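The points are meant to be read beside the sequence and the model.

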Amino acid sequence: MTTSSKRARWGVALLSSLALVAAACGSDAKSAATTAVPATAAPTTAAPADTQAPADTQAPAGTEAPAETEAPAGTEAPAATDAPAGTDAPAGTEVPGATDYHWTPDAGVLAGAEGQVNLIAWAGYVEDGSNDAAYDWVTPFQDLTGCKVNTKLGNTSDEMVQLMQSGEYDGVSASGDATNRLIVGGDVVAIDTAKLPSYADVFDGLKLKPWNSVDGKPFGMPHGRGANLLVYNTEAFAESAPDSWGVLFTSGNPSDGAVSVYDSPIYIADAALYLMATQPDLGITNPYALDQAQFDAAIALLDQQKALVGQYWGVYTDQQAALEGGTVLAGTTWQVIVNLAKANGATIDAVKPVEGATGWSDTWMIAAKAANPNCMYLWMDWIASPWANAMVAEWFGEAPANSKSCGLTSDPEHCATYHADDEAFWTDVWYWQTATEECVDGRTDTKCVPYTEWVNAWNKLRA
Amino acid sequence: MGESTITGARIRPAVQLVGLRKVFGTAANEVVAVDDVHLEIGEGEFFSLLGPSGSGKTTVLRMIAGFELPSAGAILLEGQDVTRLAPYDRDVNTVFQDYALFPHLSVHENVEYGLKVKGVKKTERRRRAGEMLESVRLAQLGSRRPSQLSGGQRQRVALARALVNQPKVLLLDEPLGALDLKLREELQVELKQVQREVGITFVFVTHDQGEALSMSNRIAVFNHGRIEQVGSPRDIYDHPSTSFVAGFVGTSNLLNAALSHRLFGVDAVHSLRPERIRLVHAEVADGETCVSGTVTDIQYLGADCRLRVTLDNVDGTTSGDRMLATVASDGLVGVALGGPVRLAWPRFAAYTVSSTDPTTDQTTDPMRVDFTGGTPP
Amino acid sequence: MSERTPVGGHSAPLRGVNRLFRRHRRLGLAALLTPPVFWLVVIYIASLGLLIGAAMFRLDPRSHKPTTELTTENLRTAFTDWDFVNVVVRSVFVAATVTVLCLVIALPMAFYISKIAKPWARRGLIVAVLMPLWAGYLVKGYAWKAMLRPASKFGIDKDGGFLASVFGWTPGFGMVAVILALTYLWLPYMVLPIYAGLDRLPPSLLDASGDLGARPLRTFRSVIVPMLVPSIAAGSIFTFSLSLGDYIVPKVVTEGKIRLLGNLIESTLLAPNQPLAAAFTLWPLMIIITYLIGMKRLGAFESL
């Protein structure tokens with residue numbers, strides 16, 4: 001009796017330790033994985049003439065907010081600004097930010113800068129020059145504001161929502177499929193545009209949209225927009241370049257068995273988009289508003305796709321490596337991955353297919369309980385300012401949010417290429433959005449499959 | 001038991017060791033464990049290898065078993081050369097000092113192990129193992145694990161496990177060493193009895209000279225990897241051929257050359273057993289040697305007393321020579337600590353022995369002492 | 001209890017504390033055991049309770065946060081949906097295969113190190129076995145991926161990874177890759193307990209077996225292996241549970257194609273659907289409980 005109960009006690013103790021390990025691994029090891037990946041998987045992405053300390057701010061230690069801040073903390077004016085800080089400074093010429101970077105931070109906010117800011121971002125949104133010395137909009141920001149930037153990369157919108165729920169970050173570059181969840185969950189708050197001079201220059205097509213506002217109140221600073229592209233190996237598809245998502249969904253292509261698919265439930269929308277064009281009978285009008293029958297059809301298509309898939313990528317460097325290695329010949333991608341792989345010599349190209357594409361319109365949001373709100377405000381204003389926004393738009397390969405950025409891109413045609421001001425272009429780009437039971441296409445006669453079910457279906461599909 | 005009826009000449013040897021040598025360690029740091037061992041062990045003999053620890057006796061046993069390969073020399077079992085054979089190809093079995101019972105097997109399975117390995121049918125090996133356990137009086141403990149047995153019981157299981165294979169030779173490596181005195185004495189009797197019943201040749205390693213003397217037909221005394229003397233217990237005891245044997249087997253007075261010269265007129269080391277010495281109250285008998293001295297210690301041992309005596313010189317002064325004498329307690333009349341005493345012994349009781357002290361070593365050849373002849377004073 | 005006068009050298013207050021503990025043995029024991037027991041109860045047992053509790057919460061579908069509303073839906077999904085049970089079965093298969101492979105490799109390896117290698121070589125070999133543990137886990141995972149990469153007509157490096165370019169064959173990014181990489185990763189955890197077990201094995205037992213007529217293989221089968229059962233069981237606890245819980249290596253070496261229990265838990269947790277993730281976590285918990293009970297029977301805990 002005593003021995004058996006003793007046995008049970010020890011059993012419980014051992015097991016709970018294992019349970020903890022299993023549970024803890026969920027977040028900790030993951031963060032280790034994402035931060036370590038650039039170092040191990042993509043050693044070839046070294047930038048030319050790299051004078052920066054590599055991966056300094058890009059891979060902060062996990063979820064911790066680093067304590068060391070080189071910049072003067074608190075309310076002091078940053079050392080980099082020679083001119084007297086605050087309202088006395090004549091607007092424009094004498095503030096370096098104004099001349100070099102076309103940005104004048106709000107003096108009141110700058111006065112309250114905390115010395116650091118902790119961001120959750122998509123890969124390519126917060127570059128400090130370690131990938132390419134020519135692309136660095138973190139260092140000037142740090143110099144101008146004294147806010148040290150700590151970045152945690154999110155691989156999917158889902159992951160970003162989960163990270164924001166942890167409450168350890170000041171802000172996030174949220175896509176449309178994350179914003180609503182964050183707003184409803186109270187993880188982010190509305191912004192005060194008076195403190196954000198750059199907001200005025202943002203294209204109207206990006207302001208006060210369903211995914212970044214509630215009742216006419218803006219919930220963040222628009223960052224830019226882009227489309228998920230079809231990438232293909234130009235050697236494998238030497239005879240005819242593909243222009244349809246059909247390459248990823250039907251067999252008989254050079255890429256059979258070497259298709260690369262984004263490993264997230266949101267990819268169900270890509271299948272729905274393809275069905276929208278190829279099976280009009282299903283009556284899909286919006287890939288994020290799927291009733292049960294439409295949803296099942298999309299899942300069936302994805303199930304059938306499995307035979308063609310060579311990779312489900314979650315971390316962008318994994319797809320980059322596979323594109324370079326030639327183990328992936330076609331897939332869904334981001335422009336930034338294409339740029340990185342091409343720079344390493346991959347023979348690839350990317351296209352927006354005829355069916356249109358899913359895409360993103362991203363918004364920088366500030367956490368409801370941000371520990372460094374002033375620095376976050378400064379960052380939101382900075383990233384949407386003409387120079388910085390032009391840099392990020394060119395680096396990532398997307399359309400800038402700031403209308404004045406178009407005059408500052410190194411490629412003068414950038415805004416035209418990415419249709420920054422061409423609203424017609426965006427009509428067949430379906431920005432990521434969270435599916436809800438109330439159909440987002442406005443149907444009221446039926447219930448749509450909510451995103452929680454998308455997650456379950458994706459998990460089952462991938463099981 | 002009496003005198004050994006077995007001599008090398010009369011019976012077929014079960015084990016022959018020819019020029020056996022074993023060197024351990026590297027060439028730079030050689031340790032010679034066994035050197036130049038020649039031995040013939042007769043069939044059915046209870047043969048003991050006696051010596052202090054490190055004398056090479058266990059190494060010899062392990063070479064017979066096959067656990068160690070000799071550096072030189074040969075081992076013959078019933079005339080057949082087995083020097084290079086693996087243990088499992090030799091028809092010998094061993095009882096280990098720590099018994100080496102398999103802890104994951106029951107007593108019965110332990111005893112069956114050898115038969116099972118040799119492919120004996122299940123019913124047959126069950127029966128034989130059962131009988132063997134019966135004969136060591138452990139039949140009712142067959143289902144126990146070795147860890148549930150006492151030391152003596154384990155020892156008997158180890159014996160049964162070896163004997164059930166009916167080997168030509170049974171090797172026993174200090175099998176009683178781990179037991180307490182009373183149990184050891186019981187098992188000595190039992191072991192001897194078993195040996196007589198099964199008639200198998202026993203090669204018994206021990207450092208206990210009493211054990212060797214009481215159980216063996218013959219004994220080989222080992223020192224520094226070499227054999228000092230081979231002989232029956234009586235031979236060894238009464239006629240130790242070297243000072244080492246004299247000292248190691250029982251207790252001896254070793255009379256140095258100077259004293260021997262004075263007493264016997266012979267310039268050689270002599271050995272004299274203390275119990276051969278008597279107290280002289282009146283006359284010295286014919287053929288006796290007589291000395292006088294001072295009692296320095298009296299040890300009462302019950303029936304006997306042990307006296308330590310410092311001998312006098314001829315002129316009456318005290319010499320440095322000391323002597324140990326064992327005498328009957330009731331004969332201890334008129335002897336007092338510090339008082340004078342006279343001791344005597346038959347002349348033939350003192351024998352010349354060769355010295356094996358390496359510093360003064362003249363010979364390592366065993367020098368037999370003739371029972372009748374001796375070395376007359 | 002002897003009442004000795006304390007020998008000089010202690011200061012008065014220290015003597016007082018000493019005396020206090022000597023008079024009240026239980027007090028000293030309590031002072032000694034409170035921190036670890038606190039740790040055990042609060043960190044281990046309480047968190048286990050929280051985990052089970054978390055699995056009962058309903059997820060708010062709009063914010064993807066757990067509500068306080070209770071439901072058994074998550075448990076039902078986790079334990080009755082065949083698609084998910086399938087992942088569990090696959091994970092157990094992988095963990096068991098890895099364990100068996102580790103055993104098959106570790107047994108002769110440990111035997112060689114412990115019984116055959118020269119004493120000076122032994123230390124070096126043990127270090128060699130342990131050395132991979134010093135390398136980063138992710139580095140090893142990606143190293144395997146690099147080695148396994150198949151040749152491709154269209155890549156920058158068309159020869160493929162080490163296996164493809166040197167041997168002309170690679171198992172590719174599939175189930176074999178997962179099992180290979182996990183076996184490599186956890187092998188030291190099997191070698192060490194077996195080596196320790198062999199070290200404890202009295203040499204006389206091996207002599208005895210040979211003496212009784214058993215050839216070396218027979219001795220290995222009938223004496224060494226049965227005596228090593230507790231060590232093997234202990235090692236298998238490591239290899240089995242580490243394999244069962246791993247999710248990064250499967251993702252890395254299969255290009256995300258094969259998902260194990262850990263991947264399922266990870267993706268559900270990141271969805272974020274913490275309640276369902278908690279429900280899935282009960283699977284490995286139950287499997288490991290069962291496994292540990294089984295191993296306990298084999299005496300694994302005497303060998304840890």
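What covers the buried residues of α6(A)? The first point takes this up, after two sentences on conventions. This is a predicted model, in which local features need pLDDT of at least 70 and side-chain atom pairs count only at pLDDT 80 or more, while totals for chains, interfaces and linings use all residues. Residues are numbered from 1 along each chain as its sequence is written, chains are lettered from A and ligands numbered from 1 in the order in which they are written, and side-chain values use heavy atoms, with hydrogens and water left out.

1. The cover of α6(A) includes α5 (157-165), β3 (171-174), β4 (188-189), β5 (213-214), β13 (357-367) and α15 (451-462) of chain A. Here helices (H or I, at least four residues) and strands (E, at least two) are DSSP runs, numbered from the N terminus, and contact means heavy atoms within 4.5 Å. Helix α6 of chain A runs over residues 176-184, and seven of its nine residues are buried, where buried means under 20% relative accessible area, exposed over 50% and partly exposed in between (1.4 Å probe, protein chains only). The buried residues of α6(A) are A:Gly176, A:Asp177, A:Ala178, A:Thr179, A:Arg181, A:Leu182 and A:Ile183. Just after the helix, A:Gly186 takes a positive phi of about 75 degrees.

2. Chain A as a whole has 15 helices and 15 strands, and buried residues make up 59% of its 463 residues. The chain exposes about 16500 Å², with carbon and sulfur atoms supplying 54% of it; accessible areas come from the Shrake-Rupley method with a 1.4 Å probe, and for residues only the protein chains shown count as cover.

3. Chain C comes to 13 helices and two strands, and 47% of its 304 residues are buried. Its radius of gyration is 26 Å, whereas a compact globule of 304 residues would have one near 19 Å; the radius is taken over C-alpha atoms, and the globule rule is 2.2 Å times the number of residues to the power 0.38. Along its principal axes, the C-alpha trace of chain C spans about 85 × 70 × 40 Å.

4. On its surface, chain C exposes about 15100 Å², and carbon and sulfur atoms supply 70% of that area. There are 30 positive and 15 negative side chains in chain C, and the centres of the two sets lie 10 Å apart. Lys and Arg count as positive and Asp and Glu as negative, with His and the chain ends not counted, and the place of a charge is taken as NZ of Lys, CZ of Arg, CG of Asp or CD of Glu.

5. Chains B and C meet in a contact that takes 23 residues from chain B and 18 residues from chain C. B:Tyr88, B:His104 and B:Tyr113 supply 36% of the area that chain B buries against chain C, more than any other three residues, buried area being the accessible area (1.4 Å probe) that two parts lose on being put together, summed over both. The area buried between the two chains is about 1700 Å², of which carbon and sulfur atoms give 61%. C:Ala214, in the loop between α9 (203-211) and α10 (216-245) of chain C, touches B:Tyr88, B:Tyr113, B:Val117, C:Ser209 and C:Thr219, not counting residues up to four places away in sequence. C:Ala214 is buried, with a relative accessible area of 1%.

6. Some backbone values deserve a second look, because most residues other than glycine have a negative phi, and most peptide bonds are trans. A:Leu208, in the loop between β4 and β5 of chain A, has a positive phi near 50 degrees and counts as partly exposed at 47% relative accessibility. B:Glu174, in the loop between β7 (169-173) and α5 (181-198) of chain B, has a positive phi of about 45 degrees, and is buried with a relative accessible area of 8%. The peptide bond from C:Ala271 to C:Pro272 is cis, with omega near -5 degrees, and C:Pro272 is found in the loop between α12 (261-270) and α13 (274-297) of chain C.
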